[in-house]
Amino acid sequence: MTASDVPQSNVRPAADGVLDLRPPKESLRAELCRLGFEYSSADQTGESWRDYQRGVLATFDDSGTSVKVTDVKTNLGRTLTLDELKSVTRIDTMTAAD
């Protein structure tokens, strides 16, 4: 999947000369950004986001209802709903813990 394949419906139209490329506030993408993840890739099964500093992978499908967050060193993970993800303030892994 290339950048041109990313659904443009996620981009809100320009208003007053401002093109807002931020994800909707009530979305998995917004919460992943808040937690320090960045977009990695997408394919027919969904999207992958990573926090390289902490060694964490987040994957989700187009339903937008839940995301699986996995420590890439241990392969331990948990699937969280959007509401559960909103309550996360820190992710500790074998790579990084505060």
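Reader: How many bridges join β4 to strand β5 (residues 77–81), and in which relative orientation do these strands run?

Author: Two strands are taken to pair if DSSP finds at least two bridges between them. In this case β4 and β5 are antiparallel and joined by 5 bridges.
The model is a predicted one: local features need pLDDT of at least 70, side-chain atom pairs count only at pLDDT 80 or more, and totals for chains, interfaces and linings use all residues. Residues are numbered from 1 along each chain as its sequence is written, and side-chain values use heavy atoms, with hydrogens and water left out.

Reader: In what order do the elements of the protein run from the N terminus on?

Author: The elements are DSSP runs numbered from the N terminus: helices (H or I) of at least four residues, and strands (E) of at least two. The protein holds 2 helices and 5 strands, in the order α-β-β-β-β-β-α.

Reader: How many bridges join β3 to β4?

Author: These strands also run antiparallel, with 4 bridges. Within the pairing, Thr 59 stands opposite Lys 68 in β4. Here again the strands form a hairpin with 5 residues between them, and Gly 64 in the turn has a positive phi of about 70°.

Reader: Which residues have the most contacts inside the largest nonpolar core?

Author: The general idea is that nonpolar side chains tend to be buried together in soluble globular proteins. A nonpolar core is a set of buried Ala, Val, Leu, Ile, Met, Phe, Trp, Tyr and Cys residues joined through side-chain atoms within 4.5 Å. Buried means under 20% relative accessible area, exposed over 50%, and partly exposed in between (1.4 Å probe, protein chains only).
The largest core of this structure has 15 residues, and the most contacts inside it belong to Leu 32, Phe 37, Ala 58, Val 67, Val 69, Leu 85 and Ile 91. At least two core residues come from each of α1 (28–34), β3 (56–60), β4 (66–71) and α2, with β3 giving the most, 3 residues. Contact means heavy atoms within 4.5 Å. Leaving out residues up to four places away in sequence, Ala 58 touches Leu 32, Phe 37, Glu 47, Ser 48, Trp 49, Val 67, Lys 68 and Val 69.
Across the whole protein of 98 residues, 32% are buried.

Reader: How many aromatic pairs does the structure hold?

Author: Rings of Phe, Tyr and Trp (its six-membered ring) pair if their centres lie within 6.5 Å; planes under 30 degrees apart count as stacked, over 60 as edge-to-face and the rest as tilted. There is 1 such pair. Tyr 39 and Trp 49 have ring centres 6.0 Å apart and planes at 90°, so the pair is edge-to-face. Because Tyr 39 lies in strand β1 (residues 38–43) and Trp 49 in strand β2 (residues 46–51), the pair ties together parts that are 10 residues apart in sequence. Tyr 39 is partly exposed at 39% relative accessibility, whereas Trp 49 is buried at 7%.

Reader: Is Glu 47 buried or exposed?

Author: Glu 47, in strand β2, counts as buried because its relative accessibility is 11%. Beyond four places in sequence, Glu 47 touches residues including Tyr 39, Ala 58 and Phe 60.

Reader: Where does Thr 93 lie, and which residues does its side chain reach?

Author: Thr 93 lies in the segment after α2 (82–86) and is buried, with 11% relative accessibility. A polar atom of its side chain is 2.5 Å from the backbone oxygen of Arg 54, and the side chain also reaches the backbone nitrogen of Thr 95 at 3.2 Å. Apart from residues up to four places away in sequence, Thr 93 touches Arg 54, Gly 55, Val 56 and Asp 71.

How values were computed:
A polar contact is a pair of N or O atoms within 3.5 Å; within protein, one must be able to donate a hydrogen and the other to accept it, and residues adjacent in sequence count only if both atoms are side-chain atoms.
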